[in-house]
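The points below are grouped by topic.

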Amino acid sequence: NGGKRKVAPRDVLDSYHTIFYDFVYQSPVMEALAAEIAKASKYDSSVLIRGETGTGKEKIMDLIHCNSKRMMEPCVKVNCASIPVHLIESEFFGYEKGAFTGANASGRSGYFEMADKGILFLDEIGDLPLDLQAKFLRVLQDKRFYRIGGQKPIFADVRIIAASNKDLRELVEKGLFREDLYYRIAVLILTIPPLRERKGDIAPLVNHLLDKYNKMYNCRKNISPKDYDIFLNYPWLGNIREMENLI
């Protein structure tokens, strides 16, 4: 029932010396994605990771980070959809002391500054307001920015890895996402197929998660053959996140 657990295709490991940890799969489409992850780790280009919610976009980002030349540098993870609109600019660019009412007395660093020399992971980047997208583009082009209330430029060597469960090309066509920013962040595009389209990965993932939680809680739970049949025909709209919650 369990199938095989693959960590990475041998040619990928030999060519790129990539460490995949618990990246579990069996399907050919995910084997191809593993090769793309290895290539993305080798170079320093911006990456856009596309996929439905729960498919593991952050996991892919972690694999790129831990196999890149920036692996010892910070990786700052930001969910763009979770930041209140009136705080977005100060959160990303920081501010000087006294920049506005209620500002921290000593000022504050923003996400770009925190991620200097490392990676800034922008999850749900499609939710960024248009006015801020223009400022992002400027930072990515010039590698420098100003804190709110600041007069000295701050330089930031940051690699951008973005993720979205929305079709950014469609947002560009609707005028909701800047085309120039899209091309800046989508130098490399990695697409994670939903779990229902790679049924060969379902049994290995179930076994991996079952083993993980058996060890965590000192249990010996198992799954019957008929349950595997149910899992194979279930749509998994929440993908791997839903599967993990179920297990």
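This is a predicted model: local features need pLDDT of at least 70, side-chain atom pairs count only at pLDDT 80 or more; totals for chains, interfaces and linings use all residues.

Leu-122 stands opposite Ala-162 in strand S6. Leu-122 belongs to the buried residues of strand S3, and Ala-162 to those of S6. S3 and S6 run parallel and are joined by 5 bridges.

**Pairing of the strands**

- S3 covers residues 119-123, and S6 covers residues 159-164.

**Burial of S3**

- In a regular strand, side chains alternate between the two faces of the sheet.
- On one side of S3 are Ile-119, Phe-121 and Asp-123, and on the other are Leu-120 and Leu-122; all of them are buried, which leaves both faces covered.
- Because 5 of the 5 residues of S3 are buried, the strand is largely enclosed by the rest of the structure.

**Burial of S6**

- How many residues of S6 are buried? The count is 6 of its 6 residues, and the strand is mostly covered.
- One side of S6 carries Arg-159, Ile-161 and Ala-163, and the other carries Ile-160, Ala-162 and Ser-164.
- Both of these faces are covered, with all the named residues buried.

**Contact of helices H9 and H10**

- Two packed helices are described by the angle between their axes and the distance between the axes.
- The axes of helix H9 (residues 202-217) and helix H10 (residues 225-233) come within 10 Å and cross at roughly 120°.
- That angle makes H9 oblique to H10.
- The crossing of H9 and H10 is right-handed.
- H9 makes the contact through Ile-202, Ala-203, Val-206 and Asn-207, and H10 through Tyr-228, Phe-231 and Leu-232.
- By class, the residues in the contact of H9 with H10 are 6 nonpolar and 1 polar, with no charged residue.

Terms used
Residues are numbered from 1 along each chain as its sequence is written. Side-chain values use heavy atoms; hydrogens and water are left out. Buried means under 20% relative accessible area, exposed over 50%, partly exposed in between (1.4 Å probe, protein chains only). Helices (H or I, at least four residues) and strands (E, at least two) are DSSP runs, numbered from the N terminus. Two strands pair if DSSP finds at least two bridges between them. Axes are lines fitted to C-alpha atoms, for helices over the stretch in contact, and angles run from 0 to 180 degrees between N-to-C directions. Angles under 35 degrees count as roughly parallel, over 145 as roughly antiparallel, 65 to 115 as roughly perpendicular and the rest as oblique. A crossing is left-handed if the near helix is turned anticlockwise from the far one by less than a right angle, and right-handed if clockwise. Contact means heavy atoms within 4.5 Å. Ala, Val, Leu, Ile, Met, Phe, Trp, Tyr, Cys and Pro count as nonpolar, Asp, Glu, Lys and Arg as charged, and the others, Gly among them, as polar.
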